[in-house]
Amino acid sequence: SPTLQELEVTVMDSRMCNNSRFWNGTIARTMICFQGQHRGSAPAKGRCPPGHGGGPCSLLGVHSPASPPPQGDSGSPLVCGKRPAVAGVMSFSSEKATDLFKPPVATSTVKYKKWIQKTLR
């Protein structure tokens, strides 16, 4: 559907996301792993990534609210916080959207804040 959707997500602990059951060490410090609330039982922080003041997170895009974010959501904002702000930008997910061991990954905007501000000037 071309209608903008919001999927509530939970940010995963980066160590969990990087373990051998998930992305096996390929997730950099500049990346955020997350999963939709409906997606399973991997341990999660349940809060925003560091630097966003706590609160819920949502992925905005044209995905179905009943399914995990598909490949086509690359570039969609990951919005987090009590005062919502962009925490990340959807980067990639597994080729199989139902693969519970390859959670979607966003690039953290916090890690690039200075570059973003400089570029926007």
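Helices (H or I, at least four residues) and strands (E, at least two) are DSSP runs, numbered from the N terminus. By that rule, the chain in this predicted model has two helices and six strands. Along the sequence they follow the pattern β-α-β-β-β-β-β-α.

Residues are numbered from 1 along each chain as its sequence is written, and side-chain values use heavy atoms, with hydrogens and water left out. Because the model is predicted, local features need pLDDT of at least 70 and side-chain atom pairs count only at pLDDT 80 or more, while totals for chains, interfaces and linings use all residues.

**The chain as a whole**
- Buried residues (under 20% relative accessible area, with exposed over 50% and partly exposed in between; 1.4 Å probe, protein chains only) make up 39% of the 121 residues.
- The accessible surface, from the Shrake-Rupley method with a 1.4 Å probe, comes to about 7100 Å². Carbon and sulfur atoms hold 55% of this surface.
- Among contacts (heavy atoms within 4.5 Å) with a separation of 6 or more, 58% are between residues 24 or more positions apart.

**Aromatic pairs**
- A pair of aromatic rings is described by the distance of the centres and the angle of the planes.
- Rings of Phe, Tyr and Trp (its six-membered ring) pair if their centres lie within 6.5 Å; planes under 30 degrees apart count as stacked, over 60 as edge-to-face and the rest as tilted.
- A search of the whole structure finds two such pairs.
- Phe-22 and Phe-101 form a tilted pair, because their ring centres are 5.7 Å apart and their planes are at 50°.
- This pair links distant parts of the chain, 79 residues apart: Phe-22 is in the loop between α1 (14-17) and β2 (31-36), and Phe-101 is in the loop between β5 (85-92) and β6 (105-108).
- Phe-22 is buried at 3% relative accessibility, whereas Phe-101 is partly exposed at 37%.
- Trp-23 and Phe-92 form an edge-to-face pair, because their ring centres are 5.3 Å apart and their planes are at 85°.
- This pair also links distant parts of the chain, with Trp-23 in the loop between α1 and β2 and Phe-92 in strand β5, 69 residues apart.
- Trp-23 is buried at 14%, and Phe-92 is partly exposed at 24%.

**A charge over a ring**
- The charged end of Lys-102 sits over the ring of Trp-23, 5.0 Å from its centre. The rule asks for NZ of Lys or CZ of Arg within 6 Å of the ring centre and within 35 degrees of the ring normal.

**Asp-73**
- Asp-73 lies in the loop between β3 (57-61) and β4 (77-80) and is buried, at 1% relative accessibility.
- Asp-73 and Gly-61 are twelve residues apart in sequence and 6.1 Å apart in space, C-alpha to C-alpha.
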